Amino acid sequence: QVQLMESGGGLVQAGGSLRLSCAASGSIISINAMGWYRQAPGNERELVATITSGGSTNYADSVKGRFTISRENAKNTVYLQMNSLKPEDTAVYYCHVLRTTPIASYNYWGQGTQVTVSS
């Protein structure tokens, strides 16, 4: 019911910047949080950054000070501004939506967008 459209991935040199976007469509009701996760080959999927409906943010220690998450509620869109990129940031980045009700929680995932940072 909820579709996530990701964009903004690509190839960039170390020290460069990229801006990821994720737009949610479909049955958008009471979204509690949106965020970004990433997964590099051979690694587990890990949290990068999240933002709640109230505007509270959370970042992985490895990206603090370099990445900024934001959202436009009217457009149901979340952004990830990535600055000072490092080769270790190379991964597939996945948009995530969390919707919580009194009886259940619902998780929605995008298909992922590749971010490659060269030395």
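Visitor: Why is Tyr-37 called buried?

Guide: Keep in mind that this is a predicted model. Tyr-37 has a relative accessible area of 18%, and buried means under 20%, so Tyr-37 is called buried.

Visitor: What makes Trp-109 partly exposed?

Guide: The relative accessible area of Trp-109 is 38%. Buried means under 20% and exposed means over 50%; 38% lies in between, so Trp-109 is partly exposed.

Visitor: Why do Tyr-37 and Trp-109 count as an aromatic pair, and what makes the pair edge-to-face?

Guide: The count comes to one aromatic pair. Its ring centres are 5.1 Å apart, and the rule asks for centres within 6.5 Å, so Tyr-37 and Trp-109 pair. The planes of the two rings make an angle of 70°; over 60 degrees counts as edge-to-face, so that is the label. The pair links distant parts of the chain, with Tyr-37 in strand E4 and Trp-109 in strand E10, 72 residues apart.

Visitor: How do you know that Arg-45 lies over the face of Trp-109?

Guide: Arg-45 is 4.8 Å from the ring centre of Trp-109. The distance limit is 6 Å, and the charge must also be within 35 degrees of the ring normal. Arg-45 also lies over the face of Tyr-94, at 3.7 Å from the ring centre.

Visitor: Is Arg-38 buried or exposed, and which side chain does it join in a polar contact?

Guide: Arg-38 lies in strand E4. Its relative accessibility is 6%, and the limit for buried is under 20%, so Arg-38 counts as buried. The side chain of Arg-38 has a polar contact of 2.9 Å with that of Tyr-93, and the cut-off is within 3.5 Å. Arg-38 also touches other residues, including Glu-44, Arg-45 and Phe-67.

Key:
Residues numbered from 1 in each chain as written. Predicted model: local features only at pLDDT ≥ 70, side-chain atom pairs only at ≥ 80, totals over all residues. Heavy atoms only, no water. Helix = DSSP H or I, 4+ residues; strand = E, 2+ residues; numbered from the N terminus. Buried < 20%, exposed > 50% of the residue type's maximum accessible area, 1.4 Å probe, protein only. Polar contact = N/O pair within 3.5 Å; in protein donor to acceptor, adjacent residues only side chain to side chain. Contact = heavy atoms within 4.5 Å. Phe/Tyr/Trp six-rings, centres within 6.5 Å; stacked < 30°, edge-to-face > 60°. Lists of a residue's contacts leave out its neighbours within four places in sequence.
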